[in-house]
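Hi everyone, thanks for making the time. I'd like to walk you through one model this morning, so please have a look at it while I talk.

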Amino acid sequence: DVHPALAFFVLWGLVIWLGMVEGGQASLVGLAPINFDLYKDSHPITYISTKVCHVGDNLDRYLMGRQFMVIFIAFCINMAGAPLPDSELWGL
């Protein structure tokens, strides 16, 4: 029960957020077997975040929490992008 323009911007904000969550997950999992010293000087922020994430079981806990966040984001995308009741598209 919100204005369609708000739903449109919320929908695209959620899609962008989902892309960042998925890209972050791929980066953290992909960098796990790589030696940290290879990118310590060229990418200092990546070095710091992967150093924290790859200690102990932090990566596993991040991946589990990420799953719940992805479910939440997908649910919100479905709510923001759902058609209005009794709407028709091209007379179908």
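Let's start with Tyr 62, which sits in helix α3, residues 58–81. Before going on, a word on the source: this is a predicted model, where local features need pLDDT of at least 70 and side-chain atom pairs count only at pLDDT 80 or more, while totals for chains, interfaces and linings use all residues. Residues are numbered from 1 along each chain as its sequence is written, and side-chain values use heavy atoms, with hydrogens and water left out.

By helix I mean a DSSP run of H or I with at least four residues, numbered from the N terminus. For exposure, buried is under 20% relative accessible area, exposed is over 50%, and partly exposed is in between, with a 1.4 Å probe and protein chains only.

Leaving out residues up to four places away in sequence, Tyr 62 touches Val 21, Gly 24, Gln 25 and Leu 28; contact here means heavy atoms within 4.5 Å.

Now the helix as a whole. The expected span is 1.5 Å times one less than the number of residues. For the 24 residues of α3 that gives 34 Å, and the end C-alpha atoms are 34 Å apart, so the two agree.

Which residues of α3 are buried? They are Leu 59, Arg 66, Val 70, Ile 73, Cys 76, Ile 77 and Ala 80. As a reminder, an α-helix has 3.6 residues a turn, so residues three or four places apart point the same way. The buried residues of α3 pack against α1 (4–31) and α2 (44–53).

Arg 66 is buried because its relative accessibility is 7%. Its side chain meets that of Glu 22 in a salt bridge, 3.0 Å from N to O. Glu 22 belongs to α1 and Arg 66 to α3, so the pair ties together parts 44 residues apart in sequence. The term salt bridge means a side-chain nitrogen of Lys or Arg within 4 Å of a carboxyl oxygen of Asp or Glu. Glu 22 itself, at 31% relative accessibility, counts as partly exposed.

How many salt bridges are there in the whole structure? The search finds 2. Asp 57 forms one with Arg 61, with the closest N and O atoms 3.5 Å apart. Here Arg 61 counts as exposed at 54% relative accessibility, and Asp 57 as partly exposed at 42%.

How values were computed:
Helix = DSSP H or I, 4+ residues; strand = E, 2+ residues; numbered from the N terminus.
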